Structures are given as C-alpha cells and as structure tokens.
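The following note sets out numbered points for a colleague who is examining the model. Please read each point with the coordinates open.

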Amino acid sequence: MSAAPVAAASALRKPLHWALLGLGAALALLLSVALGIAIGETALSPSLVLQVLANKLFGANYAIDPISQGIVWNYRLPRALVAASCGAGLAVAGVILQSMLRNALAEPYLLGISAGASTGAVLVSVVGIGAGAISMTVGAFFGALCAFALVALLAHAAGSGGLRNGGQIVLAGIAGSQLFNALTSLIITKSGSAEQARGIMFWLLGSLSGVRWPDTVLTACIAITGLLLCLLHTRALDAFTFGSESAAALGVPVRRVQLVLLLVAALMTAVMVSIVGAIGFVGLVIPHAARMLVGVRHRRLVPASAMMGAIFLIAADVLSRTLIRGQVLPIGVITALVGAPVFACILLRSQRRQR
C-alpha cells in the first residue's frame, strides 16, 4: 500500500479513536453516578433505585415508601452530582494553574487558594461578616482572591518576578496556605461553640453530607461555565506552557488571558470550597493522570481532566461512606491518601530532572 492511503486511513482512525474514548468516558461517568446513588450506608436494591428515578424523571407510578425515595432523590443523587461538579471544577482549576505557572505541583490546595476560600467562608458563616448580605460563596471567592494576591506578592517579594517563577509561587503558596489555615482555626476557636467548631472542622476536611439540589445547580453551573471558558483558551494555555514571553510572541494577550483564567480558577475553587470544604489534591493528581492518557494538548487535556475529576471524586465519596462500616469519613481524607503519594512521586521526578 502506498504512503498516501495509509496516511488517509490513519487520519480517519484518529477522530474515531477520540470519539470512542469520549464515549467510554461518558459511560464511565454515568456508571460512577449510578454507583454513587446505589451504594451507601442504607442498602437499597438497584431495582428500587431505578424505580425512584423512573418516578421522578419520567412520571412512572411505582409504589415506593417515602423514606427510600427521599434517600435516593434528595440525598444520594444530589450528592453524586455535586461530587462530579466539584471534581471537574477542581481538576480544571489545577490544569489552569499548572499551565499558567509552568509548575507540575501547582493546584488550588497547595497554592493556598482553598485555604483562603475556607477563611472567607468561615468569616461569613461564623463571624457573620456582611450581616447576611454576603453569602458563603461570595465570602469564599473574596478569600480565594486575597489568598492568591498574597501568594503572588510574597513570591514577587522573594524575587520570582510575578508569575514567571512557578517554584517560588508554590513555596509562597504553602506558606500562605498555612497562614490562612491558622486564621481559620483561630476564627473558629474564638467565635464558635464547641459543637459548631466540631462541625466546621469536619466540613473543612471535605464533606458532601449536607448538599441538596440548590447546591447541585450552583456547582454544576460554575463547573460548566469554567470548563467552557477554559476550552475557549486552550490555544493560549498551550502557549503558556512555553512561558508568558513565548505566549506574547505567539500573539496571546498575556495580561488579559492571565486575569481571566486565574479568576476562573479562583471562582471554581471558591464555589466548590464553600459547598463541600477544602478538598485537596484533586487539582494535582487528575491533570497528571489525564496527561498520561490524552497527552499535553489542552484541547483534549481540559475535557479529559474534567471527566476524570468528576469520576475520581464520586469514587472518593463512595469510599468515604463505605471504607469504615457505620462511619462516614471526610472526603478530603480519601483524596489526601491518594494525592500525597502522587505529590511525592512528582516532587522526586522533578528533582531528578533538575540534576
């Protein structure tokens, strides 16, 4: 066979390959949501779950007791959908930060953005800043912006030259994260009752226990909006992996794109933190896993990270409910158990490359 037909056949196989991969990912996400609904503290048969969904979605008329129907429709389904939205949002935020800062360790949790969002949310909920006019989500957003601004200023003062030195930014982020975590603990200790403090500390470790349908709508809207904005800037993200000077040389409006994408990452992180607490390592682990699967081009990396983040956090939530019988673990414990070894591996690999 000549070279031309072989090249044409190869060109046809590539779209089919990516279409099949996308279809497989969509099916895996649906299966994850189904498992998130079916598995939990109370045993429910798959047929009962399907009957509840048929009643609610298609107006079927199966006779089901209200308690079982409430568990499936008002508790487990919103929980699975919020987990999917948060996982997707945090993973996309990680992709943005790793590309903009050119650092494999950059993610909202390590850069202190999650800690700043937690402080903002706690100031609104515990101290009552805003006198009810400001929601926890708005407080978390301002906290996230303050945290990132502080980290950028600290890195700049250390001589990193703004966002150009990703290593300095990560070190400054770790310091900022510790500072905001300390502030959050101080606020809770001084302002909350012992029972309130216990509940907030559990929430800060990551909890999906209290989510309901309005949280599902909010997190889904923010995750989808952030994903679409990120998809609109995939070529700019490709250019930023070679540095902001290279991006400018390629015609990317550096300042505007940096501002838009960093605001997108801060907003997604703040909203997710205000709903489920500071869940770490999703933005670190998932982009690296997605790169191994689809490569480094952001046109494929962004949707793949969103899909894998959604599946990962649903699986982590299921594990948090089933790992210890009769007890629900904070979901941040599960993500940290996975993320900490991956963090160590990335750090060691980076050190070897620098030698």
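1. The side chains of arginine 321 and aspartate 317 form a salt bridge, with an N to O distance of 3.3 Å; the term denotes a side-chain nitrogen of Lys or Arg within 4 Å of a carboxyl oxygen of Asp or Glu. Both residues belong to helix H13, four residues apart, about one turn of the helix. Helices (H or I, at least four residues) and strands (E, at least two) are DSSP runs, numbered from the N terminus. Arginine 321 is buried at a relative accessible area of 4%, and aspartate 317 is buried at 2%. Here buried means under 20% relative accessible area, exposed over 50%, and partly exposed in between (1.4 Å probe, protein chains only).

2. The model is predicted, and local features need pLDDT of at least 70, side-chain atom pairs count only at pLDDT 80 or more, while totals for chains, interfaces and linings use all residues. Residues are numbered from 1 along each chain as its sequence is written, and side-chain values use heavy atoms, with hydrogens and water left out.

3. Aspartate 317 also meets the side chain of arginine 79 in a salt bridge, at 2.9 Å from N to O. This pair links distant parts of the chain, since arginine 79 is in helix H3 (residues 66-101) and aspartate 317 in helix H13 (residues 298-322), 238 residues apart. Arginine 79 and aspartate 317 are both buried.

4. How many salt bridges does the structure hold? There are three. One of them joins the side chains of arginine 297 and aspartate 238, with an N to O distance of 3.4 Å. Arginine 297 lies in the loop between helix H12 (282-294) and H13, and aspartate 238 in helix H9 (residues 234-240), so the pair ties together parts that are 59 residues apart in sequence. Arginine 297 is partly exposed, with a relative accessible area of 46%, whereas aspartate 238 is buried at 16%.

5. Glycine 206 occupies the loop between helix H7 (194-204) and helix H8 (213-232). Is this residue, glycine 206, buried or exposed? Glycine 206 is buried, because its relative accessible area is 0%. With neighbours within four places in sequence set aside, glycine 206 is in contact with Val276, Gly277, Ile279, Pro330, Ile331 and Gly332; contact means heavy atoms within 4.5 Å. The C-alpha atoms of glycine 206 and alanine 278 are 5.6 Å apart in space, although the two residues are 72 residues apart in sequence.

6. Serine 274 is placed in helix H11 (residues 254-276) and is buried, with a relative accessible area of 6%. A polar atom of the serine 274 side chain lies 2.8 Å from the backbone oxygen of valine 271. Not counting residues up to four places away in sequence, serine 274 touches Met136, Thr137, Ala140 and Trp203.

7. Leu16, Leu20, Leu23, Leu27 and Leu30 make a nonpolar surface patch of about 530 Å². Patches are made of residues with over 30% relative accessible area and no salt bridge, like charges being joined within 9 Å and nonpolar side chains (Val, Leu, Ile, Met, Phe, Trp, Tyr) within 5 Å.

8. The structure holds zero disulfides, a disulfide being a pair of cysteine sulfur atoms within 2.5 Å. Cysteine 146 is partly exposed, at a relative accessible area of 48%, whereas cysteine 230 is buried, at 0%.

9. Finally, the chain as a whole. The protein chain has 14 helices and zero strands. Of its 355 residues, 46% count as buried. Among the contacts in the protein chain with a separation of 6 or more, 75% come from residues 24 or more positions apart. The accessible surface of the protein chain comes to about 17200 Å², of which 68% belongs to carbon and sulfur atoms; accessible areas come from the Shrake-Rupley method with a 1.4 Å probe, and for residues only the protein chains shown count as cover.

Technical notes: A polar contact is a pair of N or O atoms within 3.5 Å; within protein, one must be able to donate a hydrogen and the other to accept it, and residues adjacent in sequence count only if both atoms are side-chain atoms.
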